[in-house]
Amino acid sequence: MLDKISVVLIGTSHPGNIGSAARAMKVMGLTNLVLVDPACEIDEKSIALAAGAADVVANAKIVKTLDEAVADCGLVIGSSARSRTLEWPQLDPRECGIRSINEAASHPVAILFGRERTGLTNDELQKCHCHVYIPANPEYSSLNLAMAVQTVSYEIRMAYLEQQKFADEMTVEEYPRAKELELFYEHLEKVISGTNFINKKHPGMVMAKLRRLFTRARPEQQELNILRGILTSVERILPKDEK
């Protein structure tokens, strides 16, 4: 299960934070580290602060875009330190750990952590199925990147240990991967633009709200296939220049 879970760091600006995050991961049994468009390079400080987890740093996958990092993931969870204008399904770290382990049985899982100063952007958070929020002391809620990774990694490990007691009773649901969901959203936007439900030049918040709706509904693979089939049937009766 733990091999199916990746910690994804986006736009990390300090090499030491990469090493510290790797150490936090490895001590809890997580080894898959993905770096998205890092603003620094892995160096001797990364290795020094990894303190025994240099292998996690050395094997880190480096990609340019978030889409590339999560394309094959069936569950994507983004860490968020504050509420957003458009609320998203939210988990605490314990719920995050349980859900990650439950779903790792059937598909890869990604836990996203954003930039040290600004976190994840709204666009990045909208690519997540849900958000995880660490309910720190409101009078002093300052958590550095490694602390956040450690907190979530600990809960993942605790959920993993608990699940081993009931491994034979597990049921596995098949959910679409992140890449398939993005293709669905592109298809949906294309069709509702073609029917003039939204204005291509001024789409407003419609697609963001539809993303939230389907994120909350969490369609399974077969259900997503049905939705794609419905969109295709609508396209067939649209004028050709509207497709």
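The radius of gyration here is taken over C-alpha atoms, and the globule rule is 2.2 Å times the number of residues to the power 0.38. With 243 residues, the protein chain would have a radius near 18 Å as a compact globule, and its 19 Å agrees with that. The model is predicted: local features need pLDDT of at least 70, side-chain atom pairs count only at pLDDT 80 or more, and totals for chains, interfaces and linings use all residues. Residues are numbered from 1 along each chain as its sequence is written, and side-chain values use heavy atoms, with hydrogens and water left out.

Start with the whole chain as a cartoon. The protein chain has 10 helices and 7 strands; these are DSSP runs numbered from the N terminus, with helices (H or I) of at least four residues and strands (E) of at least two. The C-alpha trace spans about 60 × 45 × 35 Å along its principal axes.

Next, select helix 8 (residues 178-194), where Phe 184 lies, and helix 9 (residues 206-217), where Phe 214 lies. Show the side chains of Phe 184, Tyr 185 and Phe 214, which ring pairs link into a cluster. Rings of Phe, Tyr and Trp (its six-membered ring) pair if their centres lie within 6.5 Å; planes under 30 degrees apart are stacked, over 60 edge-to-face, the rest tilted.

Phe 184 and Tyr 185 form a tilted pair, 5.4 Å centre to centre with 50° between the planes. The centres of Phe 184 and Phe 214 are 5.1 Å apart and their planes at 85°, so this pair is edge-to-face.
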